[in-house]
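Dear colleague,

Here is the structure I said I would pass on.

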Amino acid sequence: MTRQVSKLCGMVMLGLLATLSQADESVVNSLHDLSVRGPGPIRAIHENEICIFCHTPHNGAPQTPLWNRENPRTHYRIYRSSTTDARIDQPSGPSKMCLSCHDGSMALGNVLSRPQTHPIVMTARTIPPGTADLSNDLSDDHPIGFRYDRALSNADPQIRAPELISSKLPLGTHDEMHCTTCHDPHNNQLGDFLRISDQMSVMCITCHDLQGWPHASHATSGKRTSGRTVDPVERLKYATVADNGCINCHKIHSANERERLLRFRREEDGCLNCHSGTIANFNIASEIRKRSSHDPTRRTGVHDPTENTLTMRRHSECTDCHNPHAAAPNPIGLVRGTLGPLVKGPNLRVSGISISGREVDHISYSYEMCLKCHADGVARPRLVTSRQVSQTNTRLEFQTSNPSFHPIAGPRRNADVVSLLSPLRVGSVITCIDCHNSDTARSFGGSGPNGPHGSIYEPLLVRNYNTDDFTSESAQAYALCYGCHNRDSILGDDSFSRHRRHIVDIRTPCSACHDAHGIYRGQGNSVNHGSLINFDLSIVQPADSPAGRRIAYEDTGRLSGNCTLTCHGFTHVTMPYSNAGPRKSALRPGKLSRGGRR
Amino acid sequence: MIGAKFLLISVAAVCCAITGLASSGIEGSKHDFSGQTGSDVDKCTACHIPKKDDAPKAAPLWNQRADLKRRFNGQDKRVSRPGDGTRICLQCHDGTIAKPVAGGVKTERFVYTKHPRLFTAGHGRSDHPVGVLYPTFSDDFHPIATVLSKGTVLLPHGRVECTSCHDPHNQTDAPFMLVRSNARSALCLTCHKK
């Protein structure tokens, strides 16, 4: 008897278990089970049928799945984006069926199979505001109602060809995308009624073929996403960056930033959420608060991936220099002094402007990224120092055909440069961020992130660089220059025979005579603007000479030349210098190093 | 042991008695036209007209003038000729036919007064497909063997007919003369794997 009872109990339990395990895969007991015994907060008061809320066996709407609801007559505000190639239309077919509840306008219990006077009484008349309520504004939701065909995948290289899409994600009768492409209203096994899991963005990358994504930090990082800065309490679906994937930054529905479906209205919030020292390795938030910085918080809604670099408004957003879909970590242990000209992990697959002024989709050299804003565009920064010849277009300043330039875009074979510290030598190529970088940059011995996020030295310099007249020479005063140019060599007058006299004794800064970037070939030649000579007009005045009142430099051969100018009240008229012959520092190393410390 | 058996039997007997009392059958149901004014039919002859001369080919022999040109859920590719279990019902229930239901009953359109939208001849409306073969290889449906083994839903010749879901003789007392109660959509989910 007892054995039988226990057997019976066991069978009942088994049956229950079977029902429970089955429940997830079925509409029964899912959130779409709106019957009186449904599990969700929205359910019927008395009605105990499940299918009836959407389907009816008789006299349904003239739509395929025996539809039991009126279609909404709402005109929806649809998704628009400057970067989409899809022709997005008003939702149709199955999407409209979903929206008959989920736009929050139609009564849930108002079904065709019941008289309108006697609708099904529900706990909520319409879908209450919340995540399930998409409202009539679909511009903040992933687009639906566009044809996903070869034309689209051909136009957008980051969209996979429709043949490659898993059959688990069905398109409409005319290959159009519907709610039901991603969602299966009858199966809530994976949560959110998704057809396939969105863990590690599997759902998204079925269609979106983001270049560089498989190796991107955001796709592979196992860091936990707790302790975010901007939305510390909002729950993310998964625990780690890699698992969350796209939804770290994007919201598929009801996104705060509509066009890019971002979780935050301010673009930089999506980045600073993790990159404020809590989750990502480096604290960028503290960098951009420094005195000189590329501060992304200054502008909101200006950046657009399709922007014309010539006419865009001035701005600096994180995504101007970083492609979050492709950014990868930098290898640790880079050579001191230069990071090399090639593009680094964090800047992979960013658009830019080549040195010849051509737009490139993916930069090859890191300076191309800088030229986006600091070259031909009207948004480029103003001139800081007024010079003999002025140029704000850095692309022109760094042309390799210029009379003199710092070797950013290509090597320069100037034998006059004798002061370079190893491993640099004549013919080396450096990059913008060898000078313009964080003062705490890791590659310069600091503990902070590499890159020109922010620095305490203006204009965003990695080390101190005094440009004021009467600056007392010290290793600190011109630390920027001495990072590559040996101080002993400079002060030992290896190249210019009067360096020590000018810098130490008369206290003129490097910038009084030298332009740090370069002199465009259209504005000077190797005679009057060799050796980066471009006098600072706030320090150097013209001098009367037989050829008239003027400021002039003349290169007369290797390590020799003459100047015509007035500086610190002292007039030079074709005052010559020459340093041809053996290097002095090579002859007197001990004495010079002492002098260097003075 | 014997006590338990006796208990089970007696419980079963009581249950049967209760259901027997509750289930009304054709008598008194909406398909019982015998009491209607002007009608001279009894419970059966409203629908079943036995022809004594020749034996009926199909079990419920019915008037052959049923309008079978109507498309049943035309967008469904699986639609084929409905069987007897559908024809009989549509004799009255397609809403297009205005003809005497049975001798003596007024010639008028069959309308369900409580809910006029029903039986409006399917103009712009859709109904569950009838006369279709039960889909054998589909993830959306339970296997036909599972359905048949439950014994509630009948699939004559492997097809879905009106009588698959409806019992015109109203033996279960379920609303809409269903073959079983549709509480928790149990009837729908007998076939549909949703």
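Beyond four places in sequence, Ile144(B) has contacts with Tyr134(B), Thr136(B), Leu155(B) and Gly158(B). This is a predicted model, and the remarks below should be read as such. Ile144(B) belongs to helix α3 of chain B, which covers residues 144-150. Thr190(B) is 46 residues away from Ile144(B) along the chain, and their C-alpha atoms are 10.0 Å apart.

As for the rest of chain B, it has five helices and two strands, in the order α-α-β-α-β-α-α from the N terminus. The chain has 194 residues, of which 18% count as buried. Taking the contacts in chain B between residues at least 6 apart in sequence, 62% are between residues at least 24 apart.

Now chain A. The largest nonpolar core has 35 residues, and those touching the most other members are Cys51(A), Phe53(A), Trp67(A) and Leu108(A). Helix α2 of chain A, residues 93-102, supplies the largest share of this core, with four residues. Phe53(A) is in contact with Leu34(A) and Val111(A), neighbours within four places in sequence being left aside. Another core lies apart from the largest one; it has 31 residues, including Ile363(A), Met369(A), Ile408(A) and Cys432(A).

Helix α11 (residues 366-374) of chain A is largely enclosed by the rest of the structure, because nine of its nine residues are buried. What lies over them?

Last, confidence. Chain A has a mean pLDDT of 87, with 91% of its residues at 70 or more. Residues 8-23 of chain A are below 50, and this stretch has two contacts in the model beyond near neighbours in sequence. Residues 583-598 of chain A also stay under 50 in pLDDT, and for them the model has 19 contacts beyond four places in sequence.

Regards

Key. Residues are numbered from 1 along each chain as its sequence is written. Chains are lettered from A and ligands numbered from 1 in the order in which they are written. This is a predicted model: local features need pLDDT of at least 70, side-chain atom pairs count only at pLDDT 80 or more; totals for chains, interfaces and linings use all residues. A nonpolar core is a set of buried Ala, Val, Leu, Ile, Met, Phe, Trp, Tyr and Cys residues joined through C-beta atoms within 7 Å. A residue is buried if 20 or more other C-beta atoms lie within 10 Å of its own, exposed if 12 or fewer, and partly exposed in between; C-beta atoms are placed from the backbone. Two residues are in contact if their C-beta atoms, placed from the backbone, lie within 7 Å. pLDDT is the predictor's confidence in each residue, from 0 to 100.
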